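Dear colleague,

Here is the structure I promised to pass on to you, and my notes come after it. Please have the sequence open beside the coordinates as you read.

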Amino acid sequence: MRLFFTGLAICLSFMMKEPQSEKIAIIAHAGLAVDSVDADFITKAYTLTFQRWEDGSKITVFNYKDDTDIKTRFYAYIDQKPAALRKVWLRYQLTGEGRPPRAVKNEKAMLDKVAETEGAIGYVALERVTEDVKIITIVEP
Amino acid sequence: MNWYKIMADAISLARRSLAPMILLTILINPCGAEEPLEVFGFFQANYFFVDRQESYTNPFFGLNRRYEHQRLTFNIQQLNLFLRRELSSKLTAWVNFEVTNDFSSNDGWGSFSLEEAWVKYFHHRSLNIKAGLMIPRFNAMNEVKNRMPFLPYVIRPLVYEASIEDLMPMNRDFLPQRAYFQVYGLFISGDLQYDYALYLGNAEDDFINDDPEVTISAGADTTTNVLVGGRVGVKSHHITAGLSTSFDKDNQIPIGLGAVPRFRLGSDLAITAGRFTLESELIRVLHDLDHPELSLDKTFLYGTLSAQLSEKWLLYGSYTWLQDDFFPSMDKGMSGIYAGLAFSPNDILLKFQYARFSIVDGTIRASEQVPISLITNFEQHTLALAFSVSF
């Protein structure tokens, strides 16, 4: 019996996926002069209240096109409901005062876009962060 | 030449020269432009069923006239085309063309207009300067009253609804329609955001020359009157509130009262609690009139309670009321009750709305056109279905 349970435990440990990091990294273009920002800044950037960094350069915000787990957790982090956020973006867009976040398909595209766009910010799972971008905040689960 | 005349001339010059310059600037790819030209827009298609009943009575003369009217209308209520370009890190240009009511120059209905053409200089979020043709900041809804994908309504609160101007041609008296220069910005202190706006514009549209035969060019302001206005607002996570005001002159020359100084006072309040949002506005229009027996003053209010049922479904109910001391039958006010549902699956917003407008015992005073005073009762039921498509 003991042998059976030991075998079962070994099998299960192989079958179970390696636990994913639930931490979210808020990433920015590697050339950004800013090294860290707080949750309030991220919220204001995604609600388009802040459209410029302190040095006057433009903040380009990226977001995911489809509803994903990381998007849901990010919205919870910035304390915003999707419908309310869409309404905020629409008001800015339709009055010419700003443009909504640019949509990307997946985390690979997010990393690529943030890496190539000056002043850009986005978010990915911490474990996926590459050297091409800089982490400015880590969101704990 | 006083300051008032100088400002009026400057605004008139801006009106005639700045808008075409902005159009040229935005369409020609300028060297060093930060971003490519963005072209986008929306249209809204409407399906209306209207059932209207009116009665005009004068018990003293034994007069009692009743009218009933029903109609079913399909139309493209509105199509807007926006052009936006970030010319540099500090400058943004914006052009907004608007087409309304199935516009056809051949058939002579609808309209095509340049609604906005401005350039914005961003100094800091606390100081932005806009020049050109723009919709000024006045209460929460004025800037977005024609942005149909943003609004759950098919029929908007009374003074914001252009399609019922046959009922209320005084609508434009409540709102500053356009400005030519605006300074505005945002200050942040802790969890609170404070916004402000100050603007200048022409006299009201009634003073604008629309006769190409006279020596003043068509579209030019024929007065030295200036619109001056502003707004202050505060926003927290759940509450937004603002106070607005404007001063200009009301064209009452046709009825012998001249250009009457006019003050608009507005307030708006929005409160969000969970899935529920309450939005409301109040506008009071006051006139400085030399005739104590006459009043041109007006009042408007609306309140909408909405429930975000899910990410895509919104349910709302509204009450709206408008009163005019001077306009026939509006002395006791017109009220409107709305109930509606909006569904937003993606870039399409589907809307369904029921609206009931009513006037109870309004007065039409005796005049040259109406020889005896009349009591008006009016009721209109409207069922509306619409969809807004963003492109």
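The notes below take up the interface between the chains, then a pocket, and then the salt bridges.

Please keep in mind throughout that this is a predicted model.

The interface. Chain A contributes 23 residues to the contact and chain B contributes 33 residues. The size of an interface is often expressed as the accessible area that is lost when the parts come together. Here chain B and chain A bury about 2,600 Å² between them, and 47% of that area lies on carbon and sulfur atoms. Within chain B, the residues that lose the most area to chain A are Arg125(B), Phe150(B) and Glu311(B), which together make up 23% of what that side buries.

As to polar pairing, the rule finds 6 salt bridges across the interface of chain B and chain A, and it also finds 10 residue pairs in polar contact there, with both residues at pLDDT 80 or more. One salt bridge joins the side chains of Glu97(A) and Lys120(B), with an N to O distance of 2.9 Å. On the side of chain B that touches chain A, at least two residues each are supplied by strand 1 (38–58), strand 2 (63–86), strand 3 (91–104), strand 4 (109–124) and strand 6 (179–189) of chain B. Sorted by class, that side of chain B has 13 charged, 13 nonpolar and 7 polar residues.

By class, the lining of the second largest pocket has 16 nonpolar, 14 charged and 6 polar residues.

Salt bridges overall. Over all chains, the count comes to 29 salt bridges. One of them pairs Lys134(A) with Asp35(A), whose closest N and O atoms are 3.0 Å apart. This pair links distant parts of the chain, 99 residues apart, since Lys134(A) sits in strand 5 (residues 133–139) of chain A, whereas Asp35(A) sits in the loop between strand 1 (24–29) and helix 2 (39–46) of chain A.

With best wishes

Terms used
Residues are numbered from 1 along each chain as its sequence is written. Chains are lettered from A and ligands numbered from 1 in the order in which they are written. This is a predicted model: local features need pLDDT of at least 70, side-chain atom pairs count only at pLDDT 80 or more; totals for chains, interfaces and linings use all residues. Side-chain values use heavy atoms; hydrogens and water are left out. Contact means heavy atoms within 4.5 Å. Buried area is the accessible area (1.4 Å probe) that two parts lose on being put together, summed over both. A salt bridge is a side-chain nitrogen of Lys or Arg within 4 Å of a carboxyl oxygen of Asp or Glu. A polar contact is a pair of N or O atoms within 3.5 Å; within protein, one must be able to donate a hydrogen and the other to accept it, and residues adjacent in sequence count only if both atoms are side-chain atoms. Helices (H or I, at least four residues) and strands (E, at least two) are DSSP runs, numbered from the N terminus. Ala, Val, Leu, Ile, Met, Phe, Trp, Tyr, Cys and Pro count as nonpolar, Asp, Glu, Lys and Arg as charged, and the others, Gly among them, as polar.
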